[in-house]
Amino acid sequence: MAVPLFNLAPDLSVSRLCLGTMTFGEQNSMSESFRLLDHAFDAGINFFDSAEMYPVPQRADTQGRSEEHLGRWVRDRKIPRDRVVLATKESSIKFSMKVSGPSGQMTWIRDGPKCLDAWNISEAIDNSLLRLRTDYIDLFQIHWSDRYVPMFGKFEYDPTHQYSAITVEEQLEALGRAVSSGKIRYVGLSNETPYGVMKFLHVAKRVPSYPKVVSVQNCYSLLCRTFDSGMAECCHHERISLLAYSPLAMGILSGKYFLPDGGPLDARLNLFKGRYSEGESRYNLSNSIVTAAVMGYLKIADKYGLCPVALAIAFVLRHPLVASAIFGATKRWQLQEVLDACSVELSPEIVAEINQIHANYPNPCP
């Protein structure tokens, strides 16, 4: 069954599954990345997501490799550029300095992108174009806000944490110039709040040359449904689609970490234990609430004869505002499990049982 398409924007149809490249250049070599991309593309996936900081965990000597692997694959396979949708993201160290400590400051990117000002946006776009070996980026996204926003395991806003930030006007002006020059086609946000989305829309509406945001890439999974609290209303009325990242909650929802042996040694939370603070704080395997919720979902999958991965992916894809689910895979069989989920439809009985687990353990991995 071919992966269905979704019209994200005018002249931009994306597959409802998007292969994330966060492991390319770290867990996956160039040849392994190519094999995964080949399999995904042959199955109907045309949508590929990356970021200037990837792979993760981020290091100076690997930064940019994910984009490089993706760009070289398109070139070496001689794939017509209009048959793939390339998305990437720009980051600043302002947020990572707050949450990650010295190892997460990414000072190796443009000597430390301390803000998302016009210069940094322009440089990020140009450098991503070079690594992706392309003339244009289909969807360019701001990885996280330049202003203070609680995220990655934090969800309560604290006004005392606010700091000086680059204006939305400056960011949209820089993005508008990139659209006008043909370097990017569309603009999206990531890890955003309803306030942030509406602010970008309000400013863009005032100035015709400013691009309108078409998507928001936020976390959404069985373990994180915070999007439904306020963002869903915002996106529904403003016709903005959700690109749901981490639909498997970094692999937790596959159940592999709850095997008697604790899961494969090369599984991300095992392989990078103690070196991936953002992931470990958000997806805390020692949290009893996380464990109880996951075990509940695994029981539902077993009861109805479903692969746990299929249950998790099918749940995300059934959301009316989800354009595409962004997932990662380091092995072909993992990719195939996600592809198989496209043919799974959850019955009302299954959804009711899912919602009961959610009511008992709401959003343990925000």
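D38 and R77 form a salt bridge in which the closest N and O atoms are 2.7 Å apart. This pair links distant parts of the chain, with D38 in helix 1 (residues 30-42) and R77 in the loop between helix 2 (65-76) and strand 5 (85-90), 39 residues apart. The model is predicted. A search of the whole structure finds 17 salt bridges and 0 disulfides.

**Salt bridges**

- R77, the partner of D38, counts as partly exposed because its relative accessibility is 39%.
- A salt bridge also joins D138 to R81, where the closest N and O atoms are 2.8 Å apart.
- D138 lies in strand 6 (residues 137-142) and R81 in the loop between helix 2 and strand 5, so the pair ties together parts that are 57 residues apart in sequence.
- D138 counts as buried, at 1% relative accessibility, and R81 also counts as buried, at 17%.
- D76 forms a salt bridge with R75, and the closest N and O atoms of that pair are 2.8 Å apart.
- D76 is partly exposed, with a relative accessible area of 30%, and R75 is partly exposed, with 43%.
- E26, R59 and D61 are linked in a network of salt bridges.
- As a general point, side chains of opposite charge can pair when their charged atoms come close.

**Nonpolar core**

- The largest nonpolar core has 126 residues, of which L17, F48, W73 and Y297 touch the most other members.
- Helix 11 (residues 308-317) supplies the largest share of this core, 9 residues.
- Leaving aside neighbours within four places in sequence, Y297 is in contact with L222, L223, L253, L311, I354, I357 and H358.
- In soluble globular proteins, nonpolar side chains tend to be buried together.

**Cysteines**

- The search of the whole structure finds 0 disulfides, and C219 is accordingly in none; the nearest cysteine sulfur, that of C224, is 3.8 Å away.
- A disulfide needs two cysteine sulfur atoms within 2.5 Å.
- C219 counts as buried, at 5% relative accessibility.
- For C342, the closest cysteine sulfur is that of C18, at 12 Å, which is too far for a bond.
- C342 counts as buried, at 15% relative accessibility.

How values were computed:
Residues are numbered from 1 along each chain as its sequence is written. This is a predicted model: local features need pLDDT of at least 70, side-chain atom pairs count only at pLDDT 80 or more; totals for chains, interfaces and linings use all residues. Side-chain values use heavy atoms; hydrogens and water are left out. A nonpolar core is a set of buried Ala, Val, Leu, Ile, Met, Phe, Trp, Tyr and Cys residues joined through side-chain atoms within 4.5 Å. Buried means under 20% relative accessible area, exposed over 50%, partly exposed in between (1.4 Å probe, protein chains only). Helices (H or I, at least four residues) and strands (E, at least two) are DSSP runs, numbered from the N terminus. Contact means heavy atoms within 4.5 Å. A salt bridge is a side-chain nitrogen of Lys or Arg within 4 Å of a carboxyl oxygen of Asp or Glu.
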